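Subject: Model handover

Hello,

Please find the model below. My notes on it follow.

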Amino acid sequence: MGTTPEGSSPRTLAEALRARSEQELTALLRARPDLLNPVPGDLTQLATRASTRASVVRALERLDRFTLQTAEALAVAPEPGRYETLLALLGGDDGDLEVEAALPGAVETLRTQALVWGGGGRLRLVRTARELLTPSPSRPSPTGLGPTVAEATAGMSPGRLQEILAANELPTTHDPVSAVTALTSLFTDRRRMGELLDQAPSEALTVLDRLVWGPPYGEVTASPTPPVRWLRDHGLLLPASPRTVVLPREAALHLRAGRAHRTAEPVPPAVLPARTAASGRPAGVDEAAAGQAYTALSTVEELLQDWHEGGPPVLRAGGLAVRDLKRTAAALDTHEQMAAFWLELTYTAGLLAADGEADERYAPTPVYDEWLTLPAAERWALLADAWLTATRTAGLVGGHDGKGRALSALGPEMDRSAAPEVRRRVLELLASLEPGTAPDPETVLARLRWERPLRPGAGAGSDGVVDLRSRMAAWTLAEAETLGVTGRGALSGHGRALLGPADGEPQPAADRARTAALTTVERAAAQSAAATALAPLLPTPLDHVLLQADLTAVAPGPLERPLAETLAVLADIESKGGATVYRFTPGSVRRALDAGRSASDLHTFLATHSRTPVPQPLSYLIDDVARRHGHLRIGAASAYVRCDDDALLDEILADKRSQGLGLRRLAPTVLAAQADPTTLLQSLRSIGYAPSAESPQGDVLITRAHAHRTPPRTPPVPVPDGPPAPDDTLLSAAVRAVRAGDLAATVERKPTAAPTARTPGPGGGLPRSTSAETLATVQAAVMTGSALWIGYVNAEGAASQRVIAPVRVEGGFVTAYDHTADEVRTYPLHRITGVAELADDPA
Amino acid sequence: MNGPLIVQSDKTLLLEVDHEQADACRRVIAPFAELERAPEHIHTYRITPLGLWNARAAGHDAEQVVDALVQYSRYPVPHALLVDVAETMARYGRLTLTKHPVHGLVLTSTDRPVLEEILRSKKVQPLVGERLDPDTVAVHPSERGQIKQTLLKLGWPAEDLAGYVDGEAHRIDLDENGWALRPYQKQAVEGFWHGGSGVVVLPCGAGKTLVGAGAMAQAKATTLILVTNTVSARQWKHELVKRTSLTEEEIGEYSGTRKEIRPVTIATYQVLTTKRKGIYPHLELFDSRDWGLILYDEVHLLPAPVFKFTADLQARRRLGLTATLVREDGRESDVFSLIGPKRFDAPWKEIEAQGYIAPADCVEVRVNLTDAERLAYATAETEEKYRFCATTATKRKVTEALVAKHRGEQTLVIGQYIDQLDELGEHLDAPVIKGETSNAQREKLFDAFRQGEISVLVVSKVANFSIDLPEATVAIQVSGTFGSRQEEAQRLGRVLRPKADGHEARFYSVVARDTIDQDFAAHRQRFLAEQGYAYRIVDADELLK
């Protein structure tokens, strides 16, 4: 600061920017990269864009707590703000050395980010920022301050103002402006204000106490209590609306001893070592982390091995079904949240993806196969790097998105742009501690909250609901431990390497916004550095196991891959961890035999890889299973040739012409053929043999008797001439139906008031009447109990005429006895096209 | 880092036996981890909450456990596991049961929230009385067992410091004439006495009876001994008369046939759990004298009602004797809370190495069924299959061949099916002991066998428990109770007693190949293989040649 002499202060932000050096502009664009898209044409355009609401909000959200407090203080200070005013607002009347030390940096940050411009005496907050940060009734400021006296008295009558002046024993003035000035100067004068408050009733002070730290608004009744009235008379409470009063900013500042914030936090809270910092031995931490890293690798391999032949299906909305997640968790012997983490990790590392087929399933990618061939440390570094830079956030799984939809593992909507930055920052904070020291997680979270405070209204509140960043930070700590980036809570050597070359000393405050991701080249370098650091800590794969008489094999450490793969087929895994315990069972041995190994293969394999003699029960087990394995053979054949004479079958097999039949000798007297029996029969005949066909029971089929038959059929039923003779029930029903239909069609209608509404003729269309008429007629019929002739259109649109005797009319429905159908039915009134009374009782 | 121990994620510990630090490591992990399997190269221990609490009861703390794991582990121990160990161990002893001059028995907590938590449980509420102060609550003395059981289930095991009544004094001394308690037996007695109540785990044949006698000699008080059956009761009596200052008159037998109550009374589980008209008529036995010590033989077989009675006997010293803490019904936690924590444990192999148990050569003889038998087996009903393959004629021939091979050695033929045993008895010209054999007849036969008057004895599963056949050097098992591992261990125990001439015992198991008999045998043998008794397999054809 101070580059611009006070005399030639710029008048606009554009002008201020114009005066900046190249480096300063670069710093601005680095801090606010959104200004670069698209690249602004000139500085005026840049200034305009830097003042847009979206951009300013984005910039404000990325400020640390003290810088934000500085901006907030500037927003409540008179425009343009003086540096000293700002200092007083932040440090209070008594001053605060820490604030004094930190303030220049904060102001410089604001200036760099083009949120503030102007020289030391004339600090101006960009207008948009000012609007965002200045308190207003609808949007309380984090400072808890109310409007200034001038703002609060804007609509007040001059007379009322003079009254307040009088109450405060100030000389009357001629105009409101000077009255406000007089009042303001009273409120800002600590001594006179103190004297004024000394006179105040003690209850009035209690009222002020309630309002002083905000919110500054209070409700009043039409007849306020004496202390409130005293405050109002003295202008210490000014009307904000008919029922509310507000404590003016100047008065509040006096009561707060000049502080804009209850506590200014110029210094970031330190990240402290955990109180239970057990064994802070860096080597111990690295070993623990390496152990965990190895577990992570084997878990990922286990997961993908499990899905080797295709994993679970992809949900139509994307992601993995909860059921499949549960299954995966059970397979990995962990809980669902952890399973989701492993899934997301493999997915972000590109080892797992949806296969994109019609029935979409998850499956390992080709990258996985490449990954498998890498040395363990490099495999880990790839995973860890993928985790560190991913925006996908596994911790969200199981929660719900804004629309209440469940978030599923591997599903959409899992990206949170802040994730990589939070992860990186958490690890950097861990790195700032002495190597081998575990932090107190609370202090890490506090530090993160300081660096990126939550703007009020920008999401979750303080109580109960934890904001996303804090949750992400907590996840990061947990995930780092799971992945082996940290060990016993402290950052490991290889984890440190992952962050890139150390920047030396702890970064100065002004530099902290620089938590930027590494470039691709840097990332690759960091990865290989991490791998190099990790490699010596990982256990070296072994080439042997210990076989025991209880039919177990113990691998006292990780095994070389081919060995592990074969053993996993030959035996069931019973226990995992640093070592692996395998158990041989008849089932597992059979599996190995099915996989194409022979018993002698297995014996050799075990003898080669066992440090100890192969126990006899194990050899017996293998021989026992092998003896019975494949004892029964199953294959498919379409037909067979059977002959008691071996020589004849030899002959057939030797015959060139039989080659197309797919003949194979199963036993001395049996050939199996791939051709069907008919073809086989004909071919053999054409070669010159005289085969005969056999039934499934083994009888010789006699060709002569060969006849074509239908499947079982029932004989046709006789068709009599004319309908069957009706019985009495049918007859009576028929008569009733006929009579009712007749009644409907032929009955004479009483003439109605409007004969024109009537249908043309009795045999013609439906009766027509207006709906009012219909209703009236039907209601009358209910009273008299007489029958009506109606036209009715059913739900399918088919029109019919019916004779009904209405019983009840209610809710737009007529319940009536339908003569036509001979039952009680309900008709919607709106479907009745018209009604007509019957001329006469047809009976 | 190159320790002998590998800590697995499922809380098992693998100990490499041949490692130079293996013995040291075994010593430090034994107090808190249960030995699960002990085959030849790698032993498996398991960490369970009960095991950790056993360790706490024995005065070990979490730091020692964690140190032991970290010190001997070959690979980094998962942090979560260490935390879990510490947390589990910290749960023991937060609640203590102590005597109170006014209220009799009180439950005190060093951690008030824990007390609040358990008092809120519906199961605890009926067991406690008034709240004496924020950290103390009165407990009715009769609920002492109940509350311990309940608290253990809630995961907050209470430490019982309320002490014991001395009981009616009775002079009992060991009569160490020509013999002496073995060092491990002495340790076991001391461990028990120091702990007050608890369980001593010793393998079959390691002299559990003597540990009992030693405990009685320490207590010098009237003693109630609970055993599995009458034969075993007689055995105890015989042994006590021989090894202590007690005379026949001082020892009573309380069984189905006799109901004597003497200063030392031996009762069977069966008579205690007999129920008539919904009540247990023999329960009064517990109150009939002011017992100073209660001994439970074969704790792993303790029937459920006895647990219930035991709950009311918490003021008396209790000693459980067993070969294994594993119960097929999973009530290990009741043993822990009602009888007490494990006070002493010595692995089978270790005692064998000291020469107190005879080494055994276990052989599985695989018998090929004849074609006719195979066909019959294939067509047998499912529930008959085992019986069929276990009793085939081929097995008989093999058994005869084995007996002939060991002619002159004391041989036991053990089986499950009576008709098979009768047939074998006939062919071998040996007496058969089965369920219907009278006790007098049994003891006569056992005696004759002991004296060497008869050298082959065919026994059914009645001989599974507690009979003592010191000179049996060969046991031939022809059939068993399906896959019971416990039975296998008991049967092997028959031949494990030290032999006069010190030569190796043999345990044959005759098994029909390719049948479920073989599957069951595999299951049974797994237990022995895990104890370090590897089976050798021999084809029957080789024997018959």
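In chain B, 49% of the 545 residues are buried (20 or more other C-beta atoms within 10 Å of the residue's own; 12 or fewer is exposed, in between is partly exposed; C-beta atoms are placed from the backbone). This is a predicted model, in which local features need pLDDT of at least 70 and side-chain atom pairs count only at pLDDT 80 or more, while totals for chains, interfaces and linings use all residues. Residues are numbered from 1 along each chain as its sequence is written, and chains are lettered from A and ligands numbered from 1 in the order in which they are written.

Chain B has 21 helices and 23 strands (DSSP runs numbered from the N terminus: H or I of at least four residues for helices, E of at least two for strands). Take the contacts in chain B between residues at least 6 apart in sequence: 72% of them join residues at least 24 apart. A contact here means C-beta atoms, placed from the backbone, within 7 Å.

The interface

Contact between the chains involves 23 residues of chain A and 24 of chain B. On the chain A side, at least two residues each come from helix H16 (282-306), strand S10 (546-548), strand S11 (552-555) and helix H29 (616-628). H16(A) gives the most, with four residues. By type, this side of chain A has 11 nonpolar, eight polar and four charged residues. Nonpolar covers Ala, Val, Leu, Ile, Met, Phe, Trp, Tyr, Cys and Pro; charged covers Asp, Glu, Lys and Arg; the others, Gly among them, are polar.

Helix H29 of chain A

H29(A) has 13 residues, which at 1.5 Å a residue should span 18 Å; its end C-alpha atoms are 18 Å apart, in agreement. The expected span is 1.5 Å times one less than the number of residues. Pro617(A), Leu618(A), Leu621(A), Ile622(A), Val625(A) and Ala626(A) are buried in H29(A). Their cover includes S10, helix H27 (586-594) and helix H28 (599-609) of chain A, together with strand S23 (535-539) of chain B. Just after H29(A), Gly630(A) has a positive phi of about 70°.

Helices H5 and H6 of chain A

The axes of H5(A) (residues 65-76) and H6(A) (residues 83-91) come within 9 Å and cross at roughly 115°. Axes are lines fitted to C-alpha atoms, for helices over the stretch in contact; angles run from 0 to 180 degrees between N-to-C directions. From H5(A), Gln69(A), Thr70(A), Ala73(A), Leu74(A) and Val76(A) meet Leu86(A), Leu89(A) and Leu90(A) of H6(A). Six of these residues are nonpolar, two are polar and none is charged.

Leu68(A) also sits in H5. Is Leu68(A) buried or exposed? Leu68(A) is buried, because 23 other C-beta atoms lie within 10 Å. Leaving out residues up to four places away in sequence, Leu68(A) touches Leu60(A), Leu63(A) and Pro453(A). Its C-alpha is 8.4 Å from that of Ala106(A), 38 residues away in sequence.

Two sheets in chain A

An open sheet of five strands runs S20-S19-S18-S17-S21, with antiparallel pairing. Strands pair if DSSP finds at least two bridges between them. Strand S20 (823-828) and strand S21 (832-837) are at the edges with a single partner each, so one side of each has no neighbour in the sheet. Neighbouring strands are turned by 45° against each other on average, direction ignored. Strand S17 (residues 788-793) is joined to S21(A) by five bridges. Ile790(A) stands opposite Val835(A) in S21(A). Helix H33 (residues 771-784) packs on this sheet, touching S17, strand S18 (799-810), strand S19 (813-818) and S21. The direction of H33 makes about 65° with that of S18(A).

An open sheet of three strands has the order S14-S16-S15, again with antiparallel pairing. Its edge strands are S14 (639-642) and S15 (664-667). The twist averages 30° from one strand to the next. Three bridges join S15(A) to S16(A) (residues 670-673), and Ala667(A) has Val670(A) as its bridge partner in S16(A). Helix H30 (residues 646-654) lies across S14, S15 and S16, at about 30° to S16(A).

Best wishes

Key: Contact = placed C-beta atoms within 7 Å.
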